[in-house]
Amino acid sequence: EADYRTASGRIGVATRKSEEIDKMKGQIDELAERAGISLDAIDHRPPNEALFYDEYFVEIGKFETDMQNLLKFFESIENLAAPGMMRVSKLNITPSKTKGAVRGSMVISKLMTSSGIEEE
């Protein structure tokens, strides 16, 4: 039980799944804007539910930026102070037709402990 309390303190507790997905999308959009990245086709998948936590997924279907801004975006995800452990779990990039830029897609995941509140 002590391990659970320690982990849940770092991960954070989700309220309702739909609210958590909206918050996560907002956080990603804000971090991308600060890093100078325009995101297109942002969507989510249903969360994976485990015994003590839920894993949320946001899919970014398309983006284009330079590598410096992309790395700044990754760093901001890694250093995000909000509850939840967010990470880029899948990344596809290819060179863009624009010199010095890349384009691609990614999936960002976030772990949160479940509050036990049922969705309506």
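**View 1. Glutamate 59 with arginine 45, a pair between two strands.** At 29% relative accessibility, glutamate 59 is partly exposed, a label given between the buried limit (under 20% relative accessible area) and the exposed limit (over 50%), with a 1.4 Å probe and protein chains only. Glutamate 59 sits in strand S3 (residues 53-66) and arginine 45 in strand S2 (residues 38-49), so the contact ties together parts 14 residues apart in sequence. Strands (E, at least two residues) and helices (H or I, at least four) are DSSP runs, numbered from the N terminus.

This is a predicted model, where local features need pLDDT of at least 70 and side-chain atom pairs count only at pLDDT 80 or more, while totals for chains, interfaces and linings use all residues. Residues are numbered from 1 along each chain as its sequence is written, and side-chain values use heavy atoms, leaving out hydrogens and water.

**View 2. Glutamate 20 with lysine 110, a salt bridge between helix H2 and strand S5.** Here the closest N and O atoms are 3.3 Å apart. Helix H2 covers residues 17-35 and strand S5 residues 101-114, so this pair links parts 90 residues apart in sequence. Glutamate 20 is buried at 3% relative accessibility, and lysine 110 is buried at 1%.

**View 3. Arginine 34 with glutamate 30, within helix H2.** These residues form a salt bridge, with closest N and O atoms 2.1 Å apart. They are four residues apart, about one helical turn. Arginine 34 is exposed at 59%, whereas glutamate 30 is partly exposed at 41%.

Methods: Salt bridge = Lys/Arg side-chain N within 4 Å of Asp/Glu carboxyl O.
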